[in-house]
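I opened the model to look up charge pairs, backbone angles and confidence. My entries follow in the order I made them.

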Amino acid sequence: MERVDSASLDLDLLVVVPTHRPDNIPYLRACLDSLVAATGFVPRWEILVVSDHPTEEHVEVLRKDYANLPIEFLNDPSLDTFAKKINHGTSRTWAKDYLWASDDTLFGHTSIREMVRESERSGGGAIINCDGNWEDIAVARGQSIVGSAKELEQETLSALRQIGRDVWAGDAYRNVPRLIRAVRLNLYATLVPRQVIETVGLLDENYVNGWEDADFNLRCHIAGIRPVVTLAGFVYHHGSLTVSKENTPKIDDHNERYYNEKWKDEIRRAIAYL
């Protein structure tokens with residue numbers, strides 16, 4: 001990874017949020033609010049929202065609403081995939097840590113703090129995620145899991161705004177381990193230290209909104225970089241809004257074929273080992 005702008009401000013944390021369609025704006029706004037609340041402990045932070053929408057009206061509204069915060073909005077139609085948005089945003093500013101955050105993800109109050117702590121403990125030798133779902137929030141608030149999916153969704157949004165701490169800090173979760181080793185991480189809420197990017201590079205832009213996370217995880221594995229999930233923090237990912245769900249079978253087939261061809265030697269070695 002090369003430093004593309006020597007005049008840019010060095011940061012402790014750069015959050016890159018790719019957004020891919022205007023109807024995600026309500027979730028993007030909630031995502032930004034949760035990120036702002038969760039980054040207060042970081043001395044120097046910035047959020048960069050990267051869009052490829054053909055019009056900027058919705059971006060202008062957000063730009064005005066967040067004018068007093070270190071949040072920048074970039075709209076470029078050429079950045080038409082998840083990987084291109086992440087790579088372009090990450091390359092713009094030199095930071096100690098990068099958080100790749102999907103626009104349909106909400107962050108608990110201590111989630112980013114816990115990911116940064118794990119990054120420091122690993123010496124930059126891990127990529128870190130938080131995980132969770134609406135069931136955990138409902139249980140933590142003493143509410144039963146009933147009602148329609150829409151009601152549960154609204155309950156989740158409400159809970160994340162109201163809860164004063166992450167649910168994993170509750171009494172019911174005292175015996176939950178602090179950290180678990182993962183086989184691979186989805187990239188909707190993943191902290192990536194700069195050392196990792198310098199070692200394995202950015203995302204492979206030959207993929208079209210899918211499989212780039214598997215590719216990145218494999219490169220990390222080969223380089224001895226651990227994918228881990230911290231259970232001390234909490235995020236909520238609205239997976240049904242994920243851009244890969246819009247892929248056609250042709251695009252999915254392209255991604256799978258490209259991955260298998262690129263990593264055929266690694267796959268053969270893994271099969272032989274088994």
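**Entry 1: the Lys262 pair.** I looked up lysine 262 and found a salt bridge with aspartate 204, the closest N and O atoms being 2.7 Å apart. I count a salt bridge when a side-chain nitrogen of Lys or Arg is within 4 Å of a carboxyl oxygen of Asp or Glu. Lysine 262 lies in helix H9 (residues 249-262) and aspartate 204 in the loop between H7 and H8, so the pair ties together parts that are 58 residues apart in sequence. My helices (H or I, at least four residues) and strands (E, at least two) are DSSP runs, numbered from the N terminus.

I then checked burial. Here buried means under 20% relative accessible area, exposed over 50%, and partly exposed in between (1.4 Å probe, protein chains only). Aspartate 204 is buried at 10% relative accessibility, while lysine 262 is partly exposed at 32%.

**Entry 2: ground rules.** This is a predicted model, so I note the limits: local features need pLDDT of at least 70, side-chain atom pairs count only at pLDDT 80 or more, and totals for chains, interfaces and linings use all residues. Residues are numbered from 1 along each chain as its sequence is written, and side-chain values use heavy atoms, with hydrogens and water left out.

**Entry 3: other charge pairs.** Side chains of opposite charge can pair when their charged atoms come close. The total by my rule is 14 salt bridges. One of them joins aspartate 52 to lysine 85, with the closest N and O atoms 3.3 Å apart. Aspartate 52 sits in the loop between strand S2 (45-51) and helix H2 (57-65), and lysine 85 in helix H3 (residues 82-92), so this pair ties together parts that are 33 residues apart in sequence.

Aspartate 80 is partly exposed at 39% relative accessibility. Lysine 84 is partly exposed at 24%.

**Entry 4: positive phi.** I went back to the loop between helix H7 (194-200) and helix H8 (212-222), where asparagine 209 is placed. Asparagine 209 is not a glycine, yet its phi is positive, about 50 degrees. Asparagine 209 counts as buried at 9% relative accessibility. Tryptophan 211 is in the loop between H7 and H8 as well. Its phi is also positive, near 75 degrees, in a residue other than glycine. Tryptophan 211 is partly exposed, at 30% relative accessibility.

**Entry 5: Glu118.** I found glutamate 118 in helix H4 (residues 111-122). Glutamate 118 is buried, at 4% relative accessibility.

**Entry 6: confidence.** I read pLDDT as the predictor's confidence in each residue, from 0 to 100. The protein chain has a mean pLDDT of 78, and 72% of its residues reach 70 or more. Over residues 133-149 the pLDDT is below 50, and this stretch has 28 contacts in the model beyond near neighbours in sequence. A contact means heavy atoms within 4.5 Å. Residues 163-176 also stay under 50, with 26 contacts beyond four places in sequence. Where pLDDT is low, the predicted coordinates should not be read in detail.
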